[in-house]
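Work through the exercises below with the sequence and the model side by side. Try each task before reading its solution.

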Amino acid sequence: MLGFDFKEIATIGMVLFAVIDIVGTIPIVVDLRQKYGHIESEKATIAAAIIMITFLFVGEELLNLIGIDVHSFAVAGSFVLFFLALEMILGIRLYKEEEASSASIVPLAFPLIAGAGTMTTLLSLRSQFQTVNIVVAIVLNIILVYIVLKSSSKIEKMLGKNGLGVIRKTFGVVLLAIAVKLFAANVKGLFV
């Protein structure tokens with residue numbers, strides 16, 4: 001059955017959902033919509049999917065080309081995820097983004113949906129799970145991202161500011177645990 005494992009897909013899907021944090025970015029999406037008018041949800045989700053799937057397959061070769069092994073990248077990625085989680089939990093901004101002139105591809109598809117944290121997570125997941133399950137989880141997450149982008153204003157009204165804050169902090173804690181697990185699983189590989 002091509003190596004499909006629904007437990008793996010669910011695990012990978014939850015990890016990617018926490019890293020992408022599309023629900024937590026609803027306030028940013030609403031702000032972008034106010035600044036730039038209409039946001040092309042289809043264009044943003046397709047671009048993000050292409051970026052993620054391409055990086056999943058050529059990311060490791062790209063790292064090898066510049067002399068970095070997957071364990072080093074995964075440990076570095078665990079630090080990125082750790083700081084992203086701290087941002088979500090503490091409500092602070094460690095990473096400052098540059099002002100963009102359009103919103104569908106930059107900054108929505110990259111770096112909000114398919115950013116550094118997502119790229120790092122994909123390579124780390126690749127070292128632990130089957131590629132087919134990762135691709136399925138990416139597609140499921142992209143479908144969810146599309147649905148959230150299309151209905152972001154309704155979701156914002158329904159959850160309110162406090163509801164969005166609770167969801168963001170909850171996924172921050174999940175992401176923090178993922179960062180610790182990722183670090184523990186790959187740090188040994190640095191010394192072998």
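The model is predicted: local features need pLDDT of at least 70, side-chain atom pairs count only at pLDDT 80 or more, and totals for chains, interfaces and linings use all residues. Residues are numbered from 1 along each chain as its sequence is written, and side-chain values use heavy atoms, with hydrogens and water left out.

**Exercise 1. Find which residues of α1 are buried and what they pack against.**

Step 1. Buried means under 20% relative accessible area, exposed over 50%, and partly exposed in between (1.4 Å probe, protein chains only).
Step 2. The buried residues of α1 are E8, I9, I12, G13, V15, L16, F17, A18, V19 and I20.
Step 3. These residues pack against α3, α4, α5, α6, α7 and α8; contact means heavy atoms within 4.5 Å.
Step 4. Take V19 as a case: its relative accessible area is 8%, so V19 counts as buried.
Step 5. Leaving out residues up to four places away in sequence, V19 touches L81, G117, T118, T121 and L175.

**Exercise 2. Describe the largest nonpolar core and one of its residues.**

Step 1. A nonpolar core is a set of buried Ala, Val, Leu, Ile, Met, Phe, Trp, Tyr and Cys residues joined through side-chain atoms within 4.5 Å.
Step 2. The largest one has 50 residues, and I22, M52, L108 and I113 have the most contacts inside it.
Step 3. Helices that each supply at least two residues include α1 (6–20), α3 (41–65) and α8 (152–187).
Step 4. With eight residues, α3 gives the most to this core.
Step 5. Beyond four places in sequence, I113 touches I20, I22, A44, A48, M52, L108, T118, V145 and L149.

**Exercise 3. Is S151 buried or exposed, and which backbone oxygen lies 2.7 Å from a polar atom of its side chain?**

Step 1. S151 sits in the loop between α7 and α8.
Step 2. Its relative accessible area is 18%, so S151 is buried.
Step 3. The oxygen belongs to I147, and its distance to a polar atom of the S151 side chain is 2.7 Å.

Terms used
Helices (H or I, at least four residues) and strands (E, at least two) are DSSP runs, numbered from the N terminus. A polar contact is a pair of N or O atoms within 3.5 Å; within protein, one must be able to donate a hydrogen and the other to accept it, and residues adjacent in sequence count only if both atoms are side-chain atoms.
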